[in-house]
Amino acid sequence: MGDSKRHRILMVSDFFYPKFGGVENHIYLLSQCLLKLGHKVVVMTHAYGNRSGVRYMTGGLKVYYVPWKPFLMQNTLPTFYGTLPIIRTILIREQISLVHGHQAFSTLCHEALMHARTMGYKVVFTDHSLYGFADVGSIHMNKVLQFTLADVSQAICVSHTSKENTVLRSGLPPEKVYVIPNAVDTAMFKPAAERPSGDEIVIVVISRLVYRKGVDLLVEVIPEICHMYPNVRFIVGGDGPKRVRLEEMREKHSLQDRVEMLGAVPHARVRSVLISGHIFLNSSLTEAFCIAILEAASCGLLTVSTRVGGVPEVLPDDMIVLAEPDPTDMVQAIKKAISILPIIDPQEMHNRMKKLYDWHDVAKRTEIVYDRALKCSNQSLLERLSRYLACGAWAGKLFCLVMIIDFLLWRLLQLWKPADDIEVVPDIVLSHDEDRGISQDFQAFNKDHSLR
Amino acid sequence: MVESCISNKIYSYKHECKWPNSEAADVHGIIVRKSRSKGFLVFFSALLILANAVLLFLIKDKSIAVVFWIFIWDVLIVKLLLRKRVEKESVVVMPALGVQLETHYVSGNIIRRFVPIDKILKPVLLECVTPVTCYWSLSLIVQEEAELMLVFKELRPPVKMLVPIWKALCAATGSEGSLNTFTEDGPCC
């Protein structure tokens, strides 16, 4: 509760606005709450088409869209050392004190964390997803993660299951990993003033229609439920490669009037789709946290979900019915949900969610992690290299080599473009003026003396 | 009359009033400080290549044509690298008429662009991001043009030199100096 310092944080990830998703939302909302707490936050991501350069978002959030081309699934081309100059420039000009990387699958994040460590900055990493151990892609990514996390100051995971997964994949000591769950914007996700009435029970499904989200399970479950309960209707929102299977199922069982397919639903319209239903069905095969069920619970829907990953940790037992990822078990769970539906009060559920999940709470907890990270001791290159050597027989030596080259390149860059030549950007101070609305004041520019 | 002067390792900024008793014209210039090292490096490498060619001729008995072609190549390269050197870029602000942007090259060439005062909507300072760096640039938003007009096309002076020029342009065009709006994004970013 003491007087904590003002941090200057750089959030790095390949995934940010204008793309929509869990990670993107997390970074944006966390940044907004940190700005409200008085810290300075700058976001760095790659350029999206024409959207390149510096942009400002609500609250004075500065975003750098660095013009590196994405090459695979929104990830920047990994060049190991290519991003060192621009990252160094941004860290110096914004006077950053701490770098926070998001998502293990983001190459920009890994590179930024590596360069930040070389330059002596403290580094925090948040992992948002669960990954496997067995297939080739996972093995390589886990090795990269091991490299990045060998020297990270602190790490954050979104659930205890995710913490276990990250610790096993990366070999990080568990004491360094904090669990800070995601939250939901309860102001936006409010239940309908009046519950959808009538004898019909509407079950809502909103997700990307991919294998990972268990669409194949839905294909088995929906016809079964429609057969057992003539008064049940389904609304399916979302798009993806597996949409075709759902369409086929509709045709095969003649469920065109029982199953409504909405296609891709923009995030702003998710609430209006949710409040038209009574039950929310989530059939994911793997999930580190699942914000979708939080949104549904905040709108007063009863949730039926597969018991995978971090899902059991998210909601209290009376707000969710869990099932194994198996069609028969899921049908039983839906039956149970339909039977307990009359006793559910959406407004009461929403009020409980307001107390349980709040982004400001997430920001305060993250601030504590930042304070701890900044208290970590500064280590010399040799001390850090010993941590990398422990990563494996061959991998350890390779990682050490990569870091030594990075260190040498950094020194070279310091000689070629000294830090004094990089101008510091003046801080934005947002001032509220009732007559003119919100205005910005670049205070340093208005002073008559020189900037430095 | 020189009003103010700021300098750093590469550039120096000079603000002059052409006719001190009237507000007729203000010249803000960014001068590139003479750095011998680039010219020296270019000449040295050219000499090295020529020496190599001569050596090849003398020792390995290659024909004199090789030396001749290498010499021509050297001359072309030196001309190319040193010809486009900028000596000075300046902005002449004439409050009632407009703004003249000048680029003076070492070779004596001067390129001038004039923008009438009523065509300038607003001068802006914005940050340009490239794959390796980020720098400030001063641009003009011009009516009926899709792209911003860069005030300093070739040089990249530091922001402490750009700020007084920006303020002078704001005063001349009548836009408010303390900004109420976000700076616009530029196509160069």
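Visitor: Why is Ser31(A) called buried?

Guide: In this predicted model, Ser31(A) has a relative accessible area of 0%, and because buried means under 20% relative accessible area, Ser31(A) counts as buried. Ser31(A) lies in helix α1 of chain A, and, leaving aside neighbours within four places in sequence, Ser31(A) is in contact with Met11(A), Val41(A), Val43(A) and Leu61(A).

Visitor: What makes Met57(A) count as buried?

Guide: The relative accessibility of Met57(A) is 15%, and the cut-off for buried is under 20%, so Met57(A) counts as buried. Met57(A) is found in strand β3 of chain A, which covers residues 53-57.

Visitor: Which residues is Met57(A) in contact with, once the neighbours within four places in sequence are left aside?

Guide: Those residues are Phe16(A), Tyr17(A), Tyr28(A) and Val63(A). For one of them, Tyr17(A), the separation along the chain from Met57(A) is 40 residues, while the C-alpha atoms of the two are separated by 10.0 Å. Tyr17(A) is also joined to Pro18(A) by a cis peptide bond, with omega at about 15°, and Pro18(A) has its place in the loop between β1 (8-12) and α1 (22-36) of chain A.

Visitor: What makes Phe80(A) partly exposed, and what is its phi?

Guide: Phe80(A) has a relative accessibility of 48%, and since buried is under 20% and exposed is over 50%, with partly exposed in between, Phe80(A) counts as partly exposed. Its phi is positive, about 65°, although Phe80(A) is not a glycine, and the residue lies in the loop between β6 (75-76) and α2 (84-93) of chain A.

Visitor: Why is α3(A) called roughly parallel to α4(A)?

Guide: Helix α3 (residues 107-118) and helix α4 (residues 136-149) of chain A pack at an angle of about 30°, with their axes 9 Å apart. Because angles under 35 degrees count as roughly parallel, α3(A) is described as roughly parallel to α4(A). The crossing of these two helices is left-handed.

Visitor: Which residues of α3(A) and α4(A) meet?

Guide: From α3(A), His110(A), Leu113(A) and Met114(A) meet Val144(A), Leu145(A), Phe147(A) and Thr148(A) of α4(A). By residue class, the contact divides into 5 nonpolar, 2 polar and no charged residues.

Visitor: How do you know that helix α9 of chain A is largely enclosed by the rest of the structure?

Guide: Helix α9 covers residues 291-298 of chain A, and 7 of its 8 residues are buried, so the helix is largely enclosed by the rest of the structure. The buried residues are Ile291(A), Ile293(A), Leu294(A), Glu295(A), Ala296(A), Ala297(A) and Ser298(A).

Visitor: What do the buried residues of α9(A) pack against, and which residue takes a positive phi just after α9(A)?

Guide: They pack against α8 (270-274), β14 (279-282), β15 (302-306), β16 (320-323) and α11 (346-356) of chain A. Just after α9(A), Gly300(A) takes a positive phi of about 85°.

Visitor: Where does UniProt place the feature "domain: Glycosyl transferase family"?

Guide: The unreviewed UniProt entry places that feature at residues 194-340 of chain A. Over these residues the chain is 35% helix and 20% strand, with the end C-alpha atoms 19 Å apart.

Visitor: How many helices and strands are there in chain B?

Guide: Chain B has 3 helices and 9 strands, and from the N terminus on its elements run β-β-β-α-α-β-β-β-β-β-β-α. Of the 189 residues in chain B, 38% are buried, and among contacts with a separation of 6 or more, 44% are accounted for by residues 24 or more positions apart.

Visitor: Where in chain B does UniProt place the feature "transmembrane region"?

Guide: According to the unreviewed UniProt entry, this feature lies at residues 40-58 and 64-82 of chain B. In the model, the span of residues 40-58 is 100% helix and 0% strand, and its end C-alpha atoms lie 27 Å apart.

Methods
Residues numbered from 1 in each chain as written. Chains lettered and ligands numbered in written order. Predicted model: local features only at pLDDT ≥ 70, side-chain atom pairs only at ≥ 80, totals over all residues. Heavy atoms only, no water. Axes fitted to C-alpha atoms, helices over the stretch in contact; angles between N-to-C directions. Helix = DSSP H or I, 4+ residues; strand = E, 2+ residues; numbered from the N terminus. Parallel < 35°, antiparallel > 145°, perpendicular 65-115°, else oblique. Left-handed = near helix turned anticlockwise from the far one by under 90°. Contact = heavy atoms within 4.5 Å. Nonpolar A, V, L, I, M, F, W, Y, C, P; charged D, E, K, R; others polar. UniProt positions renumbered as here; feature names shortened; annotations may be inferred. Buried < 20%, exposed > 50% of the residue type's maximum accessible area, 1.4 Å probe, protein only.
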